[in-house]
Amino acid sequence: MAHADTTHAPPAHPPAHEEETTTGINHRKLLMWVFLGSDCLFFGSLIATYMVYRGQSIVGPYPRDIIDVPITTVSTFVLLMSSFAMVMGVAAARNGNQKRLIQWLWLTIVLGSIFIGFQVYEFNLFRVEGLRYETNLFSSTFFTLTGFHGAHVTLGIFWLICLAIVAARNPAGRPSHLDVDIAGLYWHFVDIVWIVIFTLLYLIGGFDGPPEAGHAAVQGWNWVTGLIS
Amino acid sequence: MSTNPGQEAAMAHDEHAAHEEHAAHEDAGISRFFFGHVPEGVHGGLKQYGLLAIFLAIITLIEFLIIVPEGLQGSGVVIAPLVILSVIKFFCVVAFFMHLKFEHELLWQIFVAGLALGLVVALSLVLLFGVFRPTPRAFSEPRQVPFEHHVEDHHEAVARPLPDELPPPADPADLAPAAPAGATAAGASPGQTLFVGTAACASCHTIQGVAQGVLGPPLDGIASAAANRISGYSAEEYIRESIVEPDAYTAGTADGLSQDYQQGLMSATMAGIVLSDEDVEALVEYLLQLR
């Protein structure tokens, strides 16, 4: 590892097997941050697509008919708490407290699953009320964005389950602090994406109705109907 | 945190020394953890993370309370506070839960770069389609040109007429080289001149080398096809009816065409175009040549 007098001090608790790198940053950790940086672009585009088509659906159900802000506030809270459990798990891994690590990991998994449960409930309710993927611009952009987010969470749950199983089987220092730390980065990232989605799609966009008269979507629609009649 | 570097380093050193005496790396001291310079090797514990979690939960609650009054739901005034609150949440999670605050600067440079790119993409899209809102359909639909292989006449400019500024009668000499079988090389028939000219058929129908409309079915080979559209009709009768009474029969996929065409579209347009009996006869005669 780097010497004590280099500009970049070594990480607090370098695992014994950690190799020296030119940047002083573990390569796997660097990789995770690079991935998270690129995932910002992925979600940025999906969110932008939602915002572009926001308020342009010309058939219902519209967000205001169907979005349930109180319930989603609860599920947002649950996801936030899972982030807290996750960070405690990372702290336990750093202290080498295997038992605590397993407990925090399972708590994170349970909270994440509850969040997914809320989403399954919501998607199903939408379907029953007539909002399918292809119903309108709102539904397709909404389902694409929140669906991909749910897929991220689901992947994270599987990842954490694997870590919990490994931790339960190998009391001798596996998974390493770094293993847990990297999974934690991913998990928190999924949480911050939801922070954005919750604000834009629920708190701000959740009360949208059909486009107002004079809106481009209405003009376009009138133009089409004018041609036919 | 705008102390000069020397001072800061000295402080950090002091703090570091003091810290080593008092605490295990578990506890960096709450205010120092959140606001101060935290010496290497110090991470939060239950106290710091618990406090942060409560703080984030409270922000979420406030966000929710903001939109409880019905008057505020969906109104513009809540946007700024909501965005600010969630940005605070966002950066708290990144800085402390993801401990980016304590990491090598390269890591946060990478993340901020990705975040910035994402924001730029999102912002440009929203500006492009949301603010400087073009109306692509109204603009491009009358101008669209179907893809065609121009083997011989690739130098010929393709000028599409707009429905509302109908083209002057095309110069038959221009059309002659590419005109289909049936049109004589010496010049276009009166039917063809009408077709591309005052009768405006060309704005909706395609005939190879003559017209490139897309709203109606292509009319190449209409003379053969017309005989099979309605049983009991000759090709001539069908074509005449298609012109004088377009709604009587609507061509579509059932006829082997690539799409179902819009009933009423042609009649709506033809209502504004006066065709004399001779004009209709000329058109029928012309279309009957398109075998």
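Helices in this account are DSSP runs of type H or I with at least four residues, strands are runs of type E with at least two, and both are numbered from the N terminus. The structure is a predicted model, in which local features need pLDDT of at least 70 and side-chain atom pairs count only at pLDDT 80 or more, while totals for chains, interfaces and linings use all residues. Residues are numbered from 1 along each chain as its sequence is written, chains are lettered from A and ligands numbered from 1 in the order in which they are written, and side-chain values use heavy atoms, with hydrogens and water left out.

A contact means heavy atoms within 4.5 Å. Among the contacts in chain A with a separation of 6 or more, 79% join residues 24 or more positions apart. Accessible areas come from the Shrake-Rupley method with a 1.4 Å probe, and for residues only the protein chains shown count as cover. Chain A exposes about 10,100 Å², of which carbon and sulfur atoms supply 65%.

The interior comes next. In soluble globular proteins, nonpolar side chains tend to be buried together. A nonpolar core is here a set of buried Ala, Val, Leu, Ile, Met, Phe, Trp, Tyr and Cys residues joined through side-chain atoms within 4.5 Å. The largest such core has 90 residues, and A:Phe142, A:Phe189, A:Ile192 and B:Phe111 touch the most other members. The elements that give two or more residues to this core are α1 (27–53), α3 (69–94), α4 (98–128), α5 (137–169) and α6 (177–204) of chain A, along with α3 (46–66), α4 (79–97) and α5 (105–131) of chain B. With 20 residues, α6(A) gives the most. Another core, of 29 residues, lies apart from this one and includes B:Val210, B:Ile243, B:Ala282 and B:Leu287.

Leaving aside neighbours within four places in sequence, A:Phe142 is in contact with several residues, among them A:Tyr50, A:Ile67, A:Phe123 and A:Leu201. A:Ile102 lies in helix α4 of chain A and, not counting residues up to four places away in sequence, touches A:Ala167 and A:Ala168. The C-alpha atoms of A:Ile102 and A:Gly89, 13 residues apart along the chain, are separated by 7.5 Å.

Side chains of opposite charge can pair when their charged atoms come close. A salt bridge is a side-chain nitrogen of Lys or Arg within 4 Å of a carboxyl oxygen of Asp or Glu, and the structure holds nine of them over all chains. In one, the closest N and O atoms of B:Glu103 and A:Lys29 are 2.7 Å apart. This pair crosses between chains, from the loop between α4 and α5 of chain B to helix α1 of chain A.

A second salt bridge joins A:Asp208 and A:Arg54 at 2.6 Å, N to O. A:Asp208 lies in the loop between α6 and α7 (216–228) of chain A and A:Arg54 in the loop between α1 and α2 (63–66) of chain A, so the pair ties together parts that are 154 residues apart in sequence. A:Asp208 is buried, at 11% relative accessibility, whereas A:Arg54 is partly exposed, at 26%.

α4(B) has 19 residues and reaches 26 Å from its first C-alpha to its last, close to the 27 Å expected at 1.5 Å a residue; the expected span is 1.5 Å times one less than the number of residues. Its buried residues include B:Leu82, B:Leu85, B:Phe90 and B:Phe97. B:Phe91, also in this helix, is partly exposed at 44% relative accessibility. After α4(B) comes B:His99, whose phi is positive, near 35 degrees.

Methods
Buried < 20%, exposed > 50% of the residue type's maximum accessible area, 1.4 Å probe, protein only.
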